[in-house]
Amino acid sequence: MQLDDLYQEILLDHYKHPRGARAIPDAEALVDEENPTCGDRVKLTARVEDGRIADVAIDVAGCAICTASASMMAERAPGMEIAAWRRFAKAFVEMMRGGLEVPEATLGDLVALRGVRQYPIRVKCATMAWHALEKALEKLRA
Ligand code: ZN
């Protein structure tokens with residue numbers, strides 16, 4: 001129970017104070033995704049420099065899980081090499097789909113999202129921003 005409370009606190013903190021969040025005008029969004037099941041909307045923009053993710057900004061109108069997950073993503077990605085980020089994001093998404101365990105030390109705050117796996121319909125909420133960044137990286141490379 002204690003642990004659940006802790007996770008709840010991490011999630012709420014990211015939900016109430018999403019990292020990397022700012023208003024992104026539609027024209028500036030590299031990716032604009034909607035999840036009709038839940039009503040989540042994620043707009044995202046990013047910058048890459050020398051093979052690294054230099055900056056990620058998110059504009060989320062969504063549920064707590066979607067917002068918290070986007071915040072954790074936006075906090076983690078900047079500064080990472082694109083290839084390393086891709087490996088990490090892939091492992092996270094697979095973990096959320098129940099196919100893989102990622103060590104807690106690697107997860108950091110993301111450990112708070114593991115419980116979402118019990119609710120398959122919400123897994124999309126927790127992975128939406130991650131897919132959005134992947135799409136943005138594809139666009140930036142093109
Ligand atoms: Zn949602």
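**Entry 1: the model**

I am working from a predicted model.

**Entry 2: zinc site**

I started at the metal. Which residues coordinate the zinc ion? I found Cys 38 (SG), Asp 40 (OD), Cys 63 (SG) and Cys 125 (SG), at 2.1 to 2.3 Å. I then checked the geometry. The four donor atoms make angles of 97 to 122°, and the site is tetrahedral. For reference, I noted that the ideal angle for four tetrahedral donors is 109.5 degrees.

Next I read the donors along the chain. Their spacing is C-x1-D-x22-C-x61-C. Asp 40 and Cys 125 link distant parts of the chain. Asp 40 belongs to strand β2 (residues 40-49) and Cys 125 to helix α5 (residues 120-141), 85 residues apart.

Are Asp 40 and Cys 125 buried or exposed? I have Asp 40 as buried because its relative accessibility is 1%, under the 20% cut-off. Cys 125 is buried too, at a relative accessible area of 0%.

**Entry 3: helix α2**

I moved on to α2, residues 64-76. This helix has 13 residues. From first C-alpha to last it reaches 18 Å, close to the 18 Å expected at 1.5 Å a residue.

How many residues of α2 are buried? I count ten of the 13, so I call the helix mostly covered. The buried ones are Ile 65, Cys 66, Thr 67, Ala 68, Ser 69, Ala 70, Ser 71, Met 72, Met 73 and Ala 74.

**Entry 4: salt bridges**

The structure holds 16 salt bridges. I looked up three of them.

I took Glu 33 and Lys 135 to begin with. Their closest N and O atoms are 2.5 Å apart. Glu 33 sits in strand β1 (residues 31-35) and Lys 135 in helix α5, so this pair ties together parts that are 102 residues apart in sequence. Glu 33 counts as buried at 18% relative accessibility. Lys 135 is partly exposed, at 42%.

Then I checked Lys 43 and Asp 59. Their side chains meet in a salt bridge at 4.0 Å, N to O. The pair links strand β2, which holds Lys 43, to strand β3 (residues 52-61), which holds Asp 59. The two residues are 16 residues apart. Lys 43 counts as buried at 10% relative accessibility. Asp 59 counts as partly exposed at 22%.

Glu 134 lies in helix α5 and Arg 86 in helix α3 (residues 82-96), 48 residues apart. Both ends are partly exposed: Glu 134 has a relative accessible area of 27%, and Arg 86 has 22%.

**Entry 5: aromatic rings**

I finished with the rings. The structure holds four aromatic pairs. I looked up Trp 85 and Trp 130, which are stacked, 5.2 Å centre to centre with 15° between the planes. I call them stacked because planes under 30 degrees apart count as such. Trp 85 is in helix α3 and Trp 130 in helix α5, 45 residues apart. Trp 85 and Trp 130 are buried.

Which residues make up the ring cluster? I found Trp 85, Phe 88, Phe 92 and Trp 130, linked by ring pairs.

Notes
Residues numbered from 1 in each chain as written. Predicted model: local features only at pLDDT ≥ 70, side-chain atom pairs only at ≥ 80, totals over all residues. Heavy atoms only, no water. Helix = DSSP H or I, 4+ residues; strand = E, 2+ residues; numbered from the N terminus. Expected span 1.5 Å × (residues − 1). Buried < 20%, exposed > 50% of the residue type's maximum accessible area, 1.4 Å probe, protein only. Donors = N, O, S within 2.8 Å, 3.2 Å for Na, K, Ca; no water. Tetrahedral: all angles 85-135°; square planar, octahedral: opposite > 155°, others 65-115°. Phe/Tyr/Trp six-rings, centres within 6.5 Å; stacked < 30°, edge-to-face > 60°.
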